[in-house]
Amino acid sequence: MERLQKVIASSGYASRRKAEELILSGKVLVNGEVCDVLGSKVSPSDQITVEGHNLKRENKEYILLYKPRGCVTTTSDEKGRKTVLDLIETTNRLYPVGRLDYDTSGLLLLTNDGELTNLLIHPKSNVEKVYVAKIDGVVNPEDMKKMARGVIIDGKKTSRAKVKIKKIDKRKNSSIVELTIHEGRNHQVKKMFDAFGYKVSKLKRERFAGLTLDGLTSGKYRHLSIKEVKTLYSLVK
Ligand code: URA
């Protein structure tokens, strides 16, 4: 048995708070009867209706994908490009947790657990993301120090980041920099480098919320263990 608001939130229909509001305002039915008491418990066989919609109760599935470059992180693409879902075999309707650009590779979670997705992508979730960026040109260590302290992108300063210069290749005129951030703003890494005039030529996300790509090659995926899912919840709840 699970609490009604949790079941609604995990279906992805609404956030936990919104689910509570829906229950209190009498918009939720359990087996056809209004249930406006918070904390009511329901079993997997109960039919839940929210604002007239029958809630689909799917088994939760959690996938860790090593996204290759050259595919989009949306579920469908109007230009007909390959999507991350083309790489996964499942009968569930899964959604990516956040985004990686078309030309970015690396760790991407996909799930049908709407509640966990909302918690992980929430601006306050604070989960750690580690990127490795290949930069055109030789980076200046002073710029990297400034970048770590925060830089204005889209009119707002980024929060503190960790920046490690991994390699500088003067002959090839390129650098490799590891960047650890806790936000997930649009094209954040590329924009942070761009603020100092550097162009990111390759970008890979190596870690997300403590998870790594260990054991995977590009384009391959694995399911998370129950322990890993519990750890993710413990990071954001
Ligand atoms: N930052 C970017 O610029 N691109 C990504 O894909 C992820 C983070």
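In the predicted model, Glu178 is located in strand β14, which spans residues 174-181. The relative accessibility of Glu178 is 14%, so this residue counts as buried. When neighbours within four places in sequence are set aside, the contacts of Glu178 comprise Val130, Tyr131, Val132, Lys162, Val163, Lys164 and Lys166.

The overall fold was then characterised. The protein chain contains 6 helices and 17 strands. Its C-alpha atoms occupy a box of roughly 70 × 35 × 35 Å along the principal axes. Of its 237 residues, 46% are classed as buried. Among contacts between residues at least 6 apart in sequence, 65% connect residues at least 24 apart. The chain is divided into domain 1 (2-54), domain 2 (62-124 + 215-236) and domain 3 (129-208).

Domain 1 includes strand β2, residues 28-30, in which Val28 is found. Val28 has a relative accessible area of 0% and is therefore buried. Beyond neighbours within four places in sequence, Val28 is in contact with Leu4, Ile8, Leu22, Ile23, Glu33, Val34, Cys35, Ile48, Thr49 and Val50. The C-alpha atom of Val28 is separated by 35 Å from that of Thr83, a residue 55 places away along the chain. Cys35, one of the contacts of Val28, has a relative accessibility of 13% and is on that account buried. Cys71 is likewise buried, because its relative accessibility is 1%. A search of the whole structure returns 0 disulfides.

The interface of domain 2 and domain 3 was examined next. The C-alpha centres of these two domains are 23 Å apart. Contact across the interface involves 13 residues of domain 2 and 11 residues of domain 3. The area buried between the two domains is about 1000 Å², and carbon and sulfur atoms contribute 46% of it. On the domain 2 side, Arg69, Asp101 and Leu107 lose the most area to domain 3, and together they account for 42% of what that side buries. The interface of domain 2 and domain 3 has 2 salt bridges, and 7 residue pairs in polar contact are found across it, with both residues at pLDDT 80 or more. Strand β9, residues 104-111, gives the most to the side of domain 2 that touches domain 3, with 6 residues. A salt bridge is also formed by Asp103 and Lys190, whose closest N and O atoms are 2.8 Å apart.

Strand β9 also holds Thr111. The relative accessibility of Thr111 is 3%, which is why this residue counts as buried. Its contacts, leaving aside neighbours within four places in sequence, are Glu61, Tyr62, Leu94, Tyr95, Val97 and Thr117. The Thr111 side chain additionally reaches the backbone nitrogen of Asp113 at 2.9 Å. Asp113 in turn places a side-chain oxygen within 3.1 Å of the backbone nitrogen of Glu115, at the start of helix α3. Helix α3 covers residues 114-121, and its buried residues are Gly114, Glu115, Leu116, Thr117 and Leu120.

Backbone geometry was considered last. Most residues other than glycine have a negative phi. His187, which is not a glycine, has a positive phi of about 50 degrees. This residue is placed in the loop between β14 and α5, the latter spanning residues 188-194. At 9% relative accessibility, under the 20% cut-off, Ala209 counts as buried.

How values were computed
Residues numbered from 1 in each chain as written. Heavy atoms only, no water. Disulfide = S-S within 2.5 Å. Buried < 20%, exposed > 50% of the residue type's maximum accessible area, 1.4 Å probe, protein only. Helix = DSSP H or I, 4+ residues; strand = E, 2+ residues; numbered from the N terminus. Polar contact = N/O pair within 3.5 Å; in protein donor to acceptor, adjacent residues only side chain to side chain. Domains from an automatic or database assignment. Contact = heavy atoms within 4.5 Å. Buried area = accessible area lost by both parts, 1.4 Å probe. Salt bridge = Lys/Arg side-chain N within 4 Å of Asp/Glu carboxyl O.
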